[in-house]
Structures are given as structure tokens and as C-alpha cells.
Amino acid sequence: MNPITEAHVSEPGLLVVDVAAADDDTALAFQQLLAERWATATAERTTRDAGEPGVRLRCYLDLRQPISPASPTAGV
């Protein structure tokens with residue numbers, strides 16, 4: 001993955017999320033959960049590192065811009 005630049009975390013509330021998962025579906029499903037709650041610059045695909053297990057994905061979140069409240073039934 002590319003290095004995180006200062007612009008990605010230049011203000012409080014900006015995050016870079018690196019995800020490691022067993023497969024594409026899991027990584028993309030997690031990213032979708034984040035995107036449903038916060039303003040998110042999503043990745044369209046995962047990457048694989050030679051010799052490393054699973055897949056990786058990076059997305060960028062802005063917690064200052066909520067999209068929707070968390071589902072009241074989450075975790076029930």
C-alpha cells in the first residue's frame with residue numbers, strides 16, 4: 001500500500017483505515033458498513049501481497065460528516 005500522506009490526516013476527524021481480511025467479500029462488506037455511517041472514500045478493489053495471506057483494502061473516512069445514525073438494531 002502507498003504511504004499515508006499528511007493530507008489524509010491533516011485535521012481531527014480524518015482517518016485512514018487499512019483492512020486485512022481473509023477474502024474480498026469480507027473486506028468490501030466491512031468497507032460498506034463504514035460508508036453507510038460516515039463520509040467515506042471507498043476502494044473499488046482489494047489488493048493481495050505476494051506471500052501474505054488474505055487481502056488488503058484502504059479507505060478514507062471523515063468522521064466530521066456523518067451520513068446516517070448507527071442502526072438501532074445493530075448487534076442485536
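## Opening question

Which residue of strand 3 does Ala 20 stand opposite? Ala 20 faces Arg 56 in strand 3. Both residues come up again below, so they make a handy place to start a walk through this structure, which is a predicted model.

## Overall layout

Let's begin with the fold as a whole. The chain contains one helix and three strands, and from the N terminus the elements follow the order β-α-β-β. There are 76 residues in the chain, and 22% of them count as buried.

The contacts tell you something about how the chain comes together. Among contacts in the chain with a separation of 6 or more, 61% are accounted for by residues 24 or more positions apart.

## The sheet and its helix

The three strands form an open sheet with the order 1-3-2 and antiparallel pairing. Strand 1 and strand 2 are the edge strands, each pairing on one side only. On average, neighbouring strands of the sheet are turned by 35 degrees against each other, direction ignored. Helix 1 packs on this sheet and touches strand 1, strand 2 and strand 3, with its direction making about 5 degrees with that of strand 3.

Now for the pairings themselves. Strand 1 and strand 3 are joined in the antiparallel sense over eight bridges. Along this pairing, Val 16 has Tyr 60 of strand 3 as its bridge partner, while Ala 20 has Arg 56 opposite. Strand 2 also pairs with strand 3 in the antiparallel sense, over four bridges; here Ala 39 stands opposite Asp 62 in strand 3.

Nonpolar side chains in soluble globular proteins tend to be buried together. In this model, the largest nonpolar core has ten residues: Val 17, Val 19, Ala 21, Ala 27, Leu 34, Ala 43, Val 55, Leu 57, Cys 59 and Leu 61. Strand 1, helix 1 (24-37) and strand 3 each contribute at least two residues to this core. Strand 3 gives the most, with four residues.

Setting aside neighbours within four places in sequence, Val 55 is in contact with Val 19, Ala 20, Ala 21, Asp 23, Asp 24, Ala 27, Thr 46, Thr 47 and Arg 48.

## Salt bridges

How many salt bridges does a search of the whole structure find? The search finds four. One of them joins Glu 11 and Arg 64, whose closest N and O atoms are 2.4 Å apart. Glu 11 lies in the segment before strand 1 (14-21) and Arg 64 in strand 3, so this pair ties together parts that are 53 residues apart in sequence. Glu 11 is partly exposed at 42% relative accessibility, and Arg 64 is partly exposed at 42% as well.

Another salt bridge runs between Asp 18 and Arg 58, with the closest N and O atoms 2.6 Å apart. This pair also links distant parts of the chain, with Asp 18 in strand 1 and Arg 58 in strand 3, 40 residues apart.

Arg 56, the residue opposite Ala 20, has a salt bridge of its own: its side chain meets that of Asp 49, at 3.2 Å from N to O. Arg 56 is partly exposed at 28% relative accessibility, and Asp 49 is partly exposed at 32%. Elsewhere, salt bridges that share partners join Glu 11, Asp 62 and Arg 64 into one network.

Finally, have a look at Pro 53, which is found in the loop between strand 2 (38-41) and strand 3 (55-66). Pro 53 counts as exposed because its relative accessible area of 69% is over 50%. The C-alpha atoms of Pro 53 and Ala 20 are separated by 9.0 Å, and the two residues are 33 residues apart along the chain.

Methods
Residues numbered from 1 in each chain as written. Predicted model: local features only at pLDDT ≥ 70, side-chain atom pairs only at ≥ 80, totals over all residues. Heavy atoms only, no water. Buried < 20%, exposed > 50% of the residue type's maximum accessible area, 1.4 Å probe, protein only. Pairing = 2+ DSSP bridges. Core = buried A, V, L, I, M, F, W, Y, C linked by side-chain atoms within 4.5 Å. Contact = heavy atoms within 4.5 Å. Axes fitted to C-alpha atoms, helices over the stretch in contact; angles between N-to-C directions.
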